[in-house]
Amino acid sequence: MHCFEIQRAAELDPEGCELFYSQIEGFEYEPGHVYQVVVEIQDRPPPLPADVSSRTYTLVEVLSKTADPALRLTNLWKVVSVGDLKDPRNARDQPLVFEFNASMRTYAGDLGCNRIRGALAENDGTQLKLGVGMATLMN
């Protein structure tokens, strides 16, 4: 089962998402896409078990399915240069690698004995800004 980020409005608002933990019967989610769907919502008849929603959700129609360019970032990325330094390596003589997770809006890196982690401040598929992060410091 997936946890979806949903909006109940016709127009997308990047700040207007809420988490949706229920299942939508008949909906097959494909990662990396944004959907606009019509869903039928019905009250579940009593008695209700303690661990289920009081409502059922059934897909009526998929109005649109669009690839989300911001999600293309999600992957492990090798750092190929930093200024004039080509092919930088960590303390264990391994390539520097950053991991970006667009859906969780996070980044992380392993510098050998030190690590860096933080939040993505901006990622719209064309611009990327790293937000405030934290790093370990080992001497």
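A search of the whole structure finds six aromatic pairs, where rings of Phe, Tyr and Trp (its six-membered ring) pair if their centres lie within 6.5 Å, and planes under 30 degrees apart count as stacked, over 60 as edge-to-face and the rest as tilted. One of them joins phenylalanine 4 and tyrosine 29 edge-to-face, with 5.6 Å centre to centre and 75° between the planes. Phenylalanine 4 lies in strand β1 (residues 4-6) and tyrosine 29 in the loop between β3 (24-25) and β4, so this pair ties together parts that are 25 residues apart in sequence. Phenylalanine 4 counts as buried at 13% relative accessibility, whereas tyrosine 29, at 28%, counts as partly exposed. Phenylalanine 20 and tyrosine 57 form another edge-to-face pair, at 4.9 Å centre to centre and 85° between the planes. Because phenylalanine 20 lies in strand β2 (residues 18-20) and tyrosine 57 in strand β5 (residues 55-67), the pair ties together parts that are 37 residues apart in sequence. Both phenylalanine 20 and tyrosine 57 are buried; here buried means under 20% relative accessible area, exposed over 50%, and partly exposed in between (1.4 Å probe, protein chains only). Phe4 and Tyr29 also belong to one aromatic cluster with Phe27 and Tyr35.

This is a predicted model, in which local features need pLDDT of at least 70 and side-chain atom pairs count only at pLDDT 80 or more, while totals for chains, interfaces and linings use all residues. Residues are numbered from 1 along each chain as its sequence is written, and side-chain values use heavy atoms, with hydrogens and water left out.

The secondary structure of the protein comes to zero helices and twelve strands, where helices (H or I, at least four residues) and strands (E, at least two) are DSSP runs numbered from the N terminus. The radius of gyration is 20 Å, well over the 14 Å that the globule rule gives for 139 residues, so the protein is more spread out than a compact globule; the radius is taken over C-alpha atoms, and the rule is 2.2 Å times the number of residues to the power 0.38. Along its principal axes the C-alpha trace spans about 65 × 35 × 25 Å, and buried residues make up 19% of the 139 residues.

The count of salt bridges comes to ten, each being a side-chain nitrogen of Lys or Arg within 4 Å of a carboxyl oxygen of Asp or Glu. Three of these bridges are set out below.

| Lysine 65 | Glutamate 30 | 2.5 Å |

The bridge between lysine 65 and glutamate 30 links distant parts of the chain, with lysine 65 in strand β5 and glutamate 30 in the loop between β3 and β4, 35 residues apart. Lysine 65 counts as partly exposed at 42% relative accessibility, and glutamate 30 is partly exposed at 37%. Arginine 89 is partly exposed at 39%, whereas aspartate 93 is exposed, with a relative accessible area of 52%. Arginine 89 and aspartate 93 are also linked with Lys78 and Asp87 in a network of salt bridges.
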